[in-house]
Amino acid sequence: MDSISSGNQAARRNSGDGMEDLEAINLAADWSDISQGLRKDLGQQIHSQWIKPIQVGSLCEETGTLELYLPTEFSANWVNDRFHDRLSLAWKIARSEVRQLRITVHPGRRKLPELSLADGRRPANDGDTSMIAVAAGTIGDRGFTSSVGLDPSLTFAAFVTGEANVLACNAAQRMAASQAPQFSPLYLKGATGQGKTHLLHAIGHAYLLAHPRARIFYCSAERFMVEFVQALKSNQTIEFKARLRSFDLLLVDDIQFIIGKASAQEELLYTIDALLAEGKRLVFAADRAPQALDGVEPRLLSRLSMGLVADIQAADIELRRSILQSKLVRFAPLEVPEDVIDFLARTITRNVRELVGGLNKLIAYAQLTGQQVALQLAEEQLTDILSANRRRITIDEIQRTVCQFYRIDRAEMGSKRRARAVVRPRQVAMYLAKVLTPRSYPEIGRKFGGRDHSTVIHAVRLIEDLRQRDADMDGDVRSLLRQLES
């Protein structure tokens, strides 16, 4: 009996091993398909640098968590920050049992590879050399290059300008030019997702083109503090300071997160003074003005605001539409209907990052499921983004705005008059009510003097058709949309 029992146990183990091998093969096959799709979406360069090194780990049946491994902590953080949502969506489509992703460092590769400084010396710290990795990735005769620290897709050529961001963009280009800037430091101020980080990376790329031997350091304020604390703990502050002050261009993102860190603030203050004294360039970005940074030492506040503070306003609907159009180039020959672009530009208004993320999610879903990009698909798949962005516009507000625009009495919205000067504004209001509110056709009809739902349907279709044929009507509707969404 014992021999039979042990034989059965061995058979089960072998069967389990076989199942695990099969699962690994299936996961690898799915990842091959997903990876190829991402290569088409992201381009060969980004795919080779960030996606190709990913290794698929195990899938936990109980939690539905899939492990993805990268060789370094920096690359794992980078992929997690920028591609987690896209990877998660792709895996959920490929395998319904995948409920969440965990992107981390490969268990056998917790340390970054050793790097050499420009003079051939090894970094003093034998552990995490992430400050050097963030700044460089490869270090040689040219000094610190941008192969890791700067996203190759975030350039001035890819930055779409409008009234909301033209000042900041022009100031950033001046900062990156070959001639000395008129101001330093440059402080970019704007809400989350409005393009500050894009401009920081663009400055780095353009500066490196103008100064091929330049040493550039890009980091977040949080990373700056982590590196500084590590240097303190390992008694390597001298090396930290020397390394930091050797850069020609210092780019620090999210400076608001340095609030309250007295020692880090002091070190940043001394670094600013040292770099400015040598005529080097500094660019900071934050979600608020320098004067609004609570808990920051007055001397540091004065340094941050002594140059130019360039504000990035929220993108208006025209800029949002232009940004979406610019992003469609890399998805060619895939076609995205104009009504989908208009819908996204009107409804995703909080920030540009969410806007582009919504477009990417929609196109990725369409490509991975073989569906056509259409307005209905956008409404179905972007409900979480749309609900977060949707401002509650009421039909009463729409009627009031339309009446003011066309200079008619508010009572005409529910009247029985058939004069053209009254009917057309009423139809425009019905159209806007359907576009901007979740109300049904019967509900809208009741708000317009108890009209039948078929009357509302006719009005909506008529205005849609007129917008295509009549430039004046399209201009009126666009103007009303801007007023109602502002």
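Okay, ground rules. This is a predicted model, so local features need pLDDT of at least 70 and side-chain atom pairs count only at pLDDT 80 or more, while totals for chains, interfaces and linings use all residues. Residues are numbered from 1 along each chain as its sequence is written, and side-chain values use heavy atoms, leaving out hydrogens and water.

The overall picture, then. We've got 20 helices and ten strands; these are DSSP runs, H or I of at least four residues for helices and E of at least two for strands, numbered from the N terminus. Of the 486 residues, 47% count as buried, meaning under 20% relative accessible area with a 1.4 Å probe, protein chains only; exposed is over 50%, and partly exposed is in between. Take contacts between residues at least 6 apart in sequence: 70% of them join residues at least 24 apart. Contact here is heavy atoms within 4.5 Å.

Let's start with strand 2. Six of the six residues in 65–70 are buried, so this strand is largely enclosed by the rest of the structure. Thr65, Glu67 and Tyr69 point one way, Leu66, Leu68 and Leu70 the other, and all are buried. On pairing: two strands pair if DSSP finds at least two bridges between them. Strand 1, residues 55–59, pairs with strand 2 in the antiparallel sense over three bridges, and Leu59 sits opposite Leu66. The two make a hairpin with five residues between them, and Gly64 in the turn has a positive phi of about 70°.

Strand 2 also pairs with strand 3, residues 100–105, this time parallel and over six bridges, with Leu70 opposite Val105.

Five strands form an open, parallel sheet in the order 7-8-9-6-10. Strand 7 and strand 10 (308–312) are the edges, each pairing on one side only. Strand 7 and strand 8 are joined by five bridges, and Tyr218 stands opposite Leu251. Helix 7 packs on this sheet, touching strands 7 and 8, and its direction makes about 100° with that of strand 7. Axes are lines fitted to C-alpha atoms, for helices over the stretch in contact, with angles from 0 to 180 degrees between N-to-C directions.

On to the cores. A nonpolar core is a set of buried Ala, Val, Leu, Ile, Met, Phe, Trp, Tyr and Cys residues joined through side-chain atoms within 4.5 Å. The largest has 28 residues, and Phe224, Ile255, Ile258, Leu268 and Phe284 have the most contacts inside it. Elements giving two or more residues to this core include helix 7 (221–233), strand 8 (249–253) and helix 9 (262–277). Apart from that core lies another, of 27 residues, with Ala168, Ala176, Tyr218 and Leu251 among them.

Last stop: Ala286, in strand 9. Its relative accessible area is 0%, so Ala286 counts as buried. Beyond four places in sequence, Ala286 is in contact with residues including Tyr187, Gly190, Lys196 and Ile255. Its C-alpha is 9.4 Å from that of Thr197, 89 residues away along the chain.
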